[in-house]
Amino acid sequence: MKPITATNDFVIKFANVNGSGSASANELFAKAILRMGVPVSPRNIFPSNIQGLPTWYEVRVNERGWLGRRGGVDMMVAMNPQTWDADVKELAPGGYLFYDSTKPLPPSKFRDDIVVIGMPLTAICNRTYADARQRQLFKNIMYVGALSVLLGIDDAEIRKLFGEQYKGKEKLLDSNVKALELGRDYAREHLAHPIGLQVRRADAVGERIFVDGNSAAALGCVYGGATVCAWYPITPSSSLAEAFQKYCMKYRVDAETGANKFAIVQAEDEIASIGIVVGAGWNGARAFTTTSGPGISLMNEFIGLAYFAEIPVTIIDVQRGGPSTGMPTRTQQSDVLACAYASHGDTKHVLLFPEDPHECFEFSALALDLADRLQTPIFVLSDLDIGMNQRLTAPFVWDDAREYDRGKVMTAAELEAGKEFARYKDVDGDGIPYRTYPGTHPSKGAYFTRGTSRDPYARYSERGPDYVYNMQRLLKKFATARTLVPAPVPRAARQKTRHGAIYYGSTSPAMDEAIAALEDDGLNLDTLRVRAFPFADSVAEFIAAHEAVFVVEQNRDGQLRTLLVNEFGIDPAKLVPILHYDGTPITARFIAEAIGAHLRAARVAPIGKDKVA
Amino acid sequence: MTYIAKPKLHHPTLACNAIGFTRRDYEGKISTLCAGCGHDSISAAIIQACWELDIEPHRVAKLSGIGCSSKTPDYFLGQSHGFNTVHGRMPSVLTGANLANRELIYLGVSGDGDSASIGIGQFVHAIRRGVNMVYIVENNGVYGLTKGQFSATADLGSKSKKGVVNTDSPLDLVGLALQLGASFVARGFSGDKKQLVPLIKAAIKHRGPAVLDVISPCVAFNNHPGSTKSYDYVREHNEAANRLDFIDVRDEIVVDYAAGELIDITQHDGSVLRLRKLHANHDPHDRVAALAYVHERQAKGEVVTGLLYVDAEAEDLHRHLNTVPTPFHRLGAKELSPGAATLAKINAALR
């Protein structure tokens, strides 16, 4: 058996019991490595429960900066007896198993092709601490201490993190440092160290920040001027609304009066959530809701109303596995079609696809602008992988000169000056009509908003030509949206190639790495990262410029591919689906293998044809 | 159909209110409801109430769901913004609108199908939250637009026009509103304008959720013998608990009734609700007693009307959320964005 040796390039997985306080210790571990200048990408893997059941935290350490899930485990910190067998099995040959050796285990519980590192954590805790809660919590800190010795993590960084976390709480600080020292002392005295996996100080993190997408999106809504948030708890989106509340309490309370420049309502369901947002948007507030797939289903009638009545609405959908309750704590990109064509009747909606927390911030703020500009629902399609995991990402940026785009709102002064107000008339040729806020003018600019058909002056009308005029104008507006949404991001292969790949959202980090791996194998691909729907013309041009285009997605049915085929009338045979949908984040290995197999087959195909001929 | 324009001309001697508007200025489009529909009487009462209160029509936002009743906001207050939302969901839209701008008056108009059947959840939660609104249910116990099906407020044993007898228990919106914490609960009858207009005025002046259940017979589908929401039935069984006089802040209060018959209730803005008690044992300050009273009379087959409960000092959702008084659309990036310097600090804390 040859133990794995790797520096700044390995995967360590923590198998814990939910509710045992492991989350903060594990985050401490990841952050300490980051502070050494080495990129990490952690992922929470948690079933749908509250306490006592298994939960995992997988940390990928990678100096090259690959942030996607790699797959495979080089070191397992096995703290949950319940999942022991599966956890041990998951380790790569030559990997390291770190476990609590307080209670002896029979040899059959181990493997002979791995390195076993036992530490009597419970025993040490029990003789050090009398309090049951402390015994549990400090056990976690203690294993972080031991790991720091084994893996060569600078304990000064951990102490610094403690200092920041427990500023002004000296007692907590001291007890945490003590637990850390206990772990380090034991490892130094009793465990073979260093092991083959090592962290070495580097300079590969730079200015980047470490944050989860839900917090980032919430902050984007604060900066973007959202004043009304209505939501209903649903995993994995709840932490977004809660983060918005937290940031608002900090940054949106009037310093003089103590009054809130925001209103947050936890509604009775998703229908009421979107209803509140529609009402607030109609009345001039920037409003948003956050939800996941099942919530989108419930909101459908209102989404159609907002589309037809032309009301600004921002919906942040943190996607999870469906249908129905599906896999509520697993990630997917499976709401693309449900959002693009949400509701009854002929509808189409603007979708934004953030790739990471940085874009969650950007696109949430942008969505509020676009909703006002286009007077329509705007969807931000995040997912659990981005939303609920801390990710290394470019710092947030805000320009203080930036004003909110409130769109076409006719003022009392304009009405008074005699400017014609026709709520549903295309005055500027871009399909976007003017609106008025309720209460603007005593005798001009009032109108009746309805989901039923009306003429350009908002008068009830069931005349065919009035209906068609309106529906055509909405299409024109959608074409205008195409010019306002974030453009796709192209990347050319090192060599000219006949093959391309389209991807979006949280697939980005895995895709970046897969492309590099394929290039190392001499397989070249141009790529295009789609950032919004409606698609820019450059998406069609990209497809036209290649013989075959892979569409990489995290759903079963190739939903973005369907959208591409439908919107551009593209021959489906040209778009090869590469689909990952088991609920775990897509990996570079998966993409490289799937695309690689196609490309190699394509290489040999002409020869085969010749032979047959 | 509402595209028929209503002539704007009116008689030169038509009376003006204190802000110079005639009643005609509070009208809307021509109603498309059936002749004799109770809902049109309610629209007329709303017009009268707003005119008497000297409300600027454009400072009212009128919202509704779907159904005959929900069409009516097009037929009054033509200078107000209106919103005909989706079936049963007016309360959430009104809640959002109210959060966005608390300077306007929010008038929600709904029906028994809209509020008691499909929309019962939103009816419940908007009241629970204490949204400052007038919530009028135009209650006829029947679906008019879809031609005569029972709604959830149809009484047990009441007979539909087609002869079907209702076997489901009715929902009592007044009892429900009392339980849910509505701070103003009243019931009116579309055929009794003298009672209805002051009730609407009082509801408008109330801060908090004001629920007004108005029995409004459907002449097309629920006005036949065997119906318990017909004009004849309600007239025969109407038990008025009290008669209300609404006295605005500026009006002088003149006592012209014997003590013991009157209750004066001063609302948060100083306006006074003067109740002439018709039933000696009903105290409109007592929520529990109001509930018992309504149930007791209902058991006797009587429809109690009047102001049943009021909490003049009630708070509303904005108080609970401690929001700034400025309408949100007036807040720009200067007020709402924490700024680049703060963001730099946030970034630093995330490293």
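Me: Which residue stands opposite A:D100 in β7(A)?

Reply: Strands of a sheet pair through backbone hydrogen bonds, either parallel or antiparallel. In this predicted model, A:D100 stands opposite A:M119 in β7(A). Strand β6 (residues 91-100) of chain A pairs with β7(A) in the parallel sense over 5 bridges. Two strands count as paired if DSSP finds at least two bridges between them; strands (E, at least two residues) and helices (H or I, at least four) are DSSP runs, numbered from the N terminus.

Me: In what order do the 6 strands of the open sheet in chain A stand?

Reply: The order is β3-β4-β2-β5-β6-β7, and the pairing is mixed. Because β3 (40-45) and β7 (115-119) of chain A stand at the edges with a single partner strand each, one side of each is left without a neighbour in the sheet.

Me: Which strand of chain B is joined to β17(A)?

Reply: The partner is strand β2 (residues 81-84) of chain B; 3 bridges join the two strands, which run parallel. In β2(B), B:G82 is the bridge partner of A:F448.

Me: How many residues of chain A are in contact with chain B?

Reply: Contact means heavy atoms within 4.5 Å. By this rule, 69 residues of chain A are in contact with 57 residues of chain B.

Me: How many salt bridges does the rule find across the interface of chain A and chain B?

Reply: A salt bridge is a side-chain nitrogen of Lys or Arg within 4 Å of a carboxyl oxygen of Asp or Glu. The rule finds 3 across this interface; one of the salt bridges between side chains joins A:E268 and B:R129 (2.7 Å, N to O).

Me: Which parts of chain A does the pair A:K477 and A:E310 tie together?

Reply: The side chains of A:K477 and A:E310 meet in a salt bridge (2.8 Å, N to O). A:K477 lies in helix α15 (residues 464-484) of chain A and A:E310 in the loop between α10 and β13 (313-319) of chain A, so the pair ties together parts that are 167 residues apart in sequence. Over all chains, the whole structure has 60 salt bridges.

Methods: Residues are numbered from 1 along each chain as its sequence is written. Chains are lettered from A and ligands numbered from 1 in the order in which they are written. This is a predicted model: local features need pLDDT of at least 70, side-chain atom pairs count only at pLDDT 80 or more; totals for chains, interfaces and linings use all residues. Side-chain values use heavy atoms; hydrogens and water are left out.
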